[in-house]
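Visitor: I am new to reading structures. Could you walk me through one, feature by feature?
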Amino acid sequence: MLSRNDPKVYARRLRAVLIRSLPLLEARGIVVVILAGLVGVMAGALVTGMSELVLYLHELLFGVQPGGRLSAMFSLEKPVQALIPAIGGILLGLTVIWLRVRKFRTPVDPIEANALYGGRMSLTDTFIIAGQTMISSGFGASVGLEAGYTQVGSGLASRLARFFRLRRNDVRILVGCGAAGAIAAAFDAPLTGAFYGFELVIGVYSVANVAPVMTAAICASLTAEAFGGVPFPLELSGLPELTASQYLPFLLLGLMGGGASIAVMHLVTLVERGFARLSIDASLRPFIGGCIVGLLGLITPQVLSSGHGALHREFAMNYGLAVVTSVFLLKLAASAVSLGSGFRGGLFFASLFLGALLGKMFAEVMAVVSPATGIDPAVAAVVGMTSLAVGVVGGPLTMTFLALESTRDLTLTGVVLAASIMAAILVRETFGYSFSTWRFHLRGETIRSAHDVGWMRSLTVGSMMRKDVRTIDASATLATFRKEVPLGSAQRVIAVDDGQRYMGVLIVAALHSDLSDGETPVLSLARFKDAVLVPTMNVQSAAETFQRAGAEELAVVEDFTNRVVVGLLTEGHLMRRYAEELDKARRDLSGEG
């Protein structure tokens with residue numbers, strides 16, 4: 001029994017008052033847009049606050065001047081500062097121990113939430129990821145804050161949508177709005193944020209979600225500006241006019257960026273597996289990783305934290321090939337060690353920085369191999385930045401708009417988009433995952449995008465099977481079977497042993513027309529002896545089982561070990577239910593009904 005002072009009672013009353021006082025709630029599309037604007041404001045404020053807190057930690061711990069960036073420093077003020085990432089690793093390790101004691105499950109991020117859970121996210125997960133990300137980046141680990149930004153924006157959006165009891169697809173759209181607002185605020189780039197929401201979190205661009213996602217992105221960007229958020233412009237001036245002959249080299253750079261992104265993702269996995277094979281406890285790994293990152297930071301601070309300052313420095317200065325290559329390798333190692341050892345964050349900004357360095361390296365090599373091509377290093381850096389980031393992050397349009405909004409130069413549109421598409425095609429055809437979905441794959445998940453497949457998982461064999469199963473002892477003779485199961489009384493009968501364990505399917509018509517002796521055991525005429533379903537199978541797994549067995553009807557057993565028969569499912573009924581749910585999901589996606 002809830003008391004009148006219980007917070008849940010107040011929440012229900014507030015919701016009831018709002019619903020009664022807002023006639024517009026009957027117009028669902030308008031409400032979603034209004035809520036998207038609110039989500040954008042919250043995301044913009046929180047992203048600015050997280051960013052300022054991390055910058056303050058850099059000032060406090062590394063002596064960065066106000067307004068400066070850690071990765072823009074030419075060297076650490078004191079060698080002892082190389083221990084700071086290790087200290088951050090200790091703090092992160094303590095959070096790992098705390099989560100283990102409290103038995104928290106693996107946090108759910110926006111892509112996974114929209115793919116499997118209809119946009120449902122936990123605020124506890126949100127605050128855990130945000131806190132761990134700020135510790136990681138604030139203490140110098142080579143990770144970006146974007147994962148924390150999108151988690152906060154999407155987590156609060158999910159809670160707001162569920163507070164108003166919006167339907168499943170609207171919750172998913174608002175989760176995308178939260179992520180869109182977070183990225184828009186982080187880079188002062190509304191189009192980038194919007195297409196991040198479309199391509200990566202909602203999983204599709206449609207008329208139904210344009211207004212709310214764009215509203216969230218614009219509101220977030222304006223809010224970040226109002227709170228003094230640091231914009232992300234790349235000052236490029238005096239760029240040469242691109243010629244048609246330069247497109248081919250830039251397409252090659254796009255392919256190189258795609259290949260490099262695959263290598264980056266594999267490297268992170270190899271480092272992670274290396275820590276696991278050494279049997280190092282998960283709570284100690286960030287400390288060891290922090291020690292390694294600190295040593296790399298002694299060589300150059302450009303490898304520390306996300307790399308905003310280092311990226312701007314690379315565009316402002318012209319370093320030689322040896323310097324650019326060394327920074328590329330050091331940053332790659334620092335990012336792989338940071339993520340592989342357990343620091344919380346992502347590769348969003350690291351991929352931008354690494355891509356810019358790759359582009360600079362490409363331009364230097366082309367200047368020697370084919371000077372007549374006239375590849376400009378700044379343009380190559382932008383193309384490399386977007387193509388490598390497309391492979392890691394996913395979303396060609398997202399990264400293309402980031403390049404355009406950050407450079408404010410529309411003349412790069414064609415070449416940037418072309419290179420991004422080449423990178424995306426290479427990664428999709430040869431690897432098949434972005435960094436986020438690759439991490440899901442390593443955990444045993446099969447999702448490759450944020451497309452809603454949660455309804456497919458909830459459509460299980462147990463929810464579709466018939467429980468009125470007719471069985472017969474597998475040791476019965478053919479004559480006994482014909483006597484007990486007359487022709488026309490059933491289509492199929494399940495043969496079981498003394499313990500009601502599955503032995504095979506008996507086709508009634510086939511057994512009545514069989515010319516074998518009446519004393520023949522029915523077990524010898526049973527079919528599909530090794531093909532069974534279990535109640536927990538989803539519709540996709542069940543359909544694959546039907547296809548492999550070539551069966552129209554299969555028995556459902558408790559589990560694969562004891563094989564006790566609990567039901568029966570036909571392929572026809574399975575496919576009808578699948579088609580009905582798929583049609584419903586499409587109607588929800590298009591905003592119908």
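Guide: Start with pairing: two strands pair if DSSP finds at least two bridges between them. Helices (H or I, at least four residues) and strands (E, at least two) are DSSP runs, numbered from the N terminus. This is a predicted model, where local features need pLDDT of at least 70, side-chain atom pairs count only at pLDDT 80 or more, and totals for chains, interfaces and linings use all residues. Residues are numbered from 1 along each chain as its sequence is written, and side-chain values use heavy atoms, with hydrogens and water left out.

Visitor: In which sense do β1 and β2 pair, and over how many bridges?
Guide: Strands of a sheet pair through backbone hydrogen bonds, either parallel or antiparallel. Here, β1 and β2 (residues 492–496) run in the parallel sense, with three bridges. Take Thr-471: its bridge partner in β2 is Ile-494.

Visitor: What is the order of the strands in the open sheet?
Guide: The order is β1-β2-β3, three strands with mixed pairing. β1 and β3 (502–507) are the edge strands, each pairing on one side only. From one strand to the next, the twist averages 35°. For such angles, axes are lines fitted to C-alpha atoms, for helices over the stretch in contact, and angles run from 0 to 180 degrees between N-to-C directions.

Visitor: Where does Ala-476 lie?
Guide: Look at the loop between β1 (471–473) and α21 (478–484).

Visitor: Is Ala-476 buried or exposed?
Guide: Buried means under 20% relative accessible area, exposed over 50%, partly exposed in between (1.4 Å probe, protein chains only). Ala-476 has 13%, so this residue counts as buried. Next, contact means heavy atoms within 4.5 Å. Ala-476 touches Thr-520, Pro-521 and Val-522, leaving aside residues up to four places away in sequence. Its C-alpha atom is 9.1 Å from that of Ala-495, which is 19 residues away along the chain.
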